[in-house]
Each structure stands twice: as C-alpha cells, then as structure tokens.
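Here is a walk through one protein model, from a single side chain to the whole fold. Keep the viewer open and follow along.

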Amino acid sequence: MLALLRSVSPIVAGFHPLALLRYPRFIAEYRDFNKKGGHVRIGDVYPCLFDRITTSGIDTHYFHQAIWAFRHIKDGAVDSHVDIGSEVNFVGLLTCITKVTFVDIRPLELDLPNYTGLRGSIVELPFSDDAVQSLSCLHVIEHIGLGRYGDPIDPRGPERAAREIVRVLKAGGRAYISTPVGRPRVQFNGQRVFGIAEVIDIFRGLTLAEFSLVDAHGTLRERIDPAADIREEGAGLDCGLGMFVFQKAAG
C-alpha cells in the first residue's frame, strides 16, 4: 500500500487535464528505459510531464529583483542587513556576503551561518528608531492589509509598512524596495498595483536614489527616470515591477 501511495502521490498532486495527453509518451519511455537495462520499480515512478520545453523560462520579477538587490547590497559592503518578507532563496544567498536578519509573520527557522530569523510584522517592526543601516523588502508591500498571508485587513497597510521602514532606517541607510507598478488598483486579495509616484510618496522621509523597472514585457530597464512617461516609450506598464533605492538623509 505504501508503495502504491508513493506512486500515486506525484501523479495526483497538482494534476492538470493536459497530463492525460502526455502519459502515453511517458509510459512508452518508461518501458523503453526498462527494456534497455534500466530498472525502475512501479512504486518509484515520478512523472514530470511538463519539462520537455525548448527554452528555459523565468519569473522576470523575481529573477531580476534578486540580482538587482543582491548587487546593491554586495556593493554596499554592509556588516549586517535586514530583510522583510522577501523570497527565501534570495535571503539565503545574502548570508554568503553579510549577516542577515529576516523578519516575517511566518518565521523561517534555519540553522545557517550569518542568519537570524525573527517573527515580526512589517507594520510593527522589532527594531528601535534609526537602527538599521541596510534593508530590503521585495514584492511585499503590495500584499499588506489584504489578509492573504494571515495579516489583518487594513486598506492603509502599505502606508503603515512604509512608515515603519522609514522609522527604523538609520541616517544614511538604504532601503531596497520592489513592488508592482502600473495602473493603480487593488486586486483583492492578491496584491495592489501602485503608481510610481504613489510609491515615492508613501516613503516620504526618504530620498529616491535610483529607480529601475521590469516592464510588463519582462524587460529590465535600469536606472531610468521615474517621472518619464514609460507608456510612450513602448514598455507597456499595465503591471510592471518598480525597484526603488531609497536613502535616509544623513544626520
């Protein structure tokens, strides 16, 4: 029975109707593998039916933002860095270049050099005023207050989150923020899409040092003018990813 469950689990989990069209080839190749001297028990089959593609794809938002933020943090040569809720593989890689404190309402417990995980909310960060030199928060603020991840419903959630980041950032410190930008709207309860000027406004108290964009076509456009009419440049901005480097004025 256990062997049967092992074989059924990968077949049933995440099943897609198109899989039915791909099983004949899978079965034929399974038989061919065994006929040529391979040996796979039926209880060990693990169908991967959608990987036969001609090119590799990426999630352009997460791919480009990770490289963008990692490069900035590395060039900053900081002794420690705080990340709030970003993608965990990115956080793990950061531990190779600096000490990282990762804050999330769903804490990530890891036994990893240079890593500390803290349970905390972005709208009530567990740091004193002017305490953090370097901070990242990638693809997070658009979710705050929508209840998607178990946080309280709050239409003003992103503004509260931005105020907390401004509060904890040290004079001269930098915050690396990414969020969807384009036609402003709430896509309840998945995310918000902000206007570029709206993001700059909710982080008032910080100065925009640099703006980059992954446009709606997935193209990375670095160090561009956030005030430019990007639609006229053919980038398409129904929903791109804005990447903002904010800096707090030196005291």
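Start at Arg52, which is exposed, with a relative accessible area of 53%. The model is a predicted one. Arg52 forms a salt bridge with Glu29, and their closest N and O atoms are 2.9 Å apart. Arg52 lies in the loop between helix 2 and helix 3, while Glu29 lies in helix 2, so the pair ties together parts that are 23 residues apart in sequence. Glu29 counts as partly exposed, at 38% relative accessibility.

The loop that holds Arg52 is also the place of Phe50. Phe50 is partly exposed, at a relative accessible area of 37%. Together with Leu18 and Leu21, Phe50 makes a nonpolar surface patch of about 310 Å².

Now turn to strand 8. Glu210 of this strand pairs with Arg223 in a salt bridge, the closest N and O atoms being 3.6 Å apart. Arg223 sits in the loop between strand 9 (220–221) and strand 10 (239–247), so the bridge ties together parts that are 13 residues apart in sequence. Arg223 counts as exposed, at 53%.

Strand 8 covers residues 207–214, and Thr207 lies in it. Thr207 touches Val245, Phe246 and Gln247, leaving aside residues up to four places away in sequence. Thr207 and Lys248 are 41 residues apart in sequence, yet their C-alpha atoms are 6.3 Å apart in space.

Glu164 is buried, at 11% relative accessible area, and Arg167 is partly exposed, at 24%.

Finally, step back. The whole structure has 13 salt bridges. Its side chains include 28 positive and 30 negative ones, and the centres of the two sets lie 6 Å apart. Six helices and ten strands make up the secondary structure. Of the 251 residues, 41% count as buried. Among contacts between residues at least 6 apart in sequence, 64% join residues at least 24 apart. The C-alpha trace spans about 75 × 45 × 35 Å along its principal axes. The protein exposes about 14,100 Å², with carbon and sulfur atoms supplying 55% of it.

Note on methods
Residues numbered from 1 in each chain as written. Predicted model: local features only at pLDDT ≥ 70, side-chain atom pairs only at ≥ 80, totals over all residues. Heavy atoms only, no water. Helix = DSSP H or I, 4+ residues; strand = E, 2+ residues; numbered from the N terminus. Contact = heavy atoms within 4.5 Å. Buried < 20%, exposed > 50% of the residue type's maximum accessible area, 1.4 Å probe, protein only. Areas by Shrake-Rupley, 256 points an atom, 1.4 Å probe, with all protein chains shown as cover. Lys, Arg positive; Asp, Glu negative; His and termini not counted. Charge placed at Lys NZ, Arg CZ, Asp CG, Glu CD. Patch = residues over 30% accessible without salt bridge, like charges linked within 9 Å, V, L, I, M, F, W, Y side chains within 5 Å. Salt bridge = Lys/Arg side-chain N within 4 Å of Asp/Glu carboxyl O.
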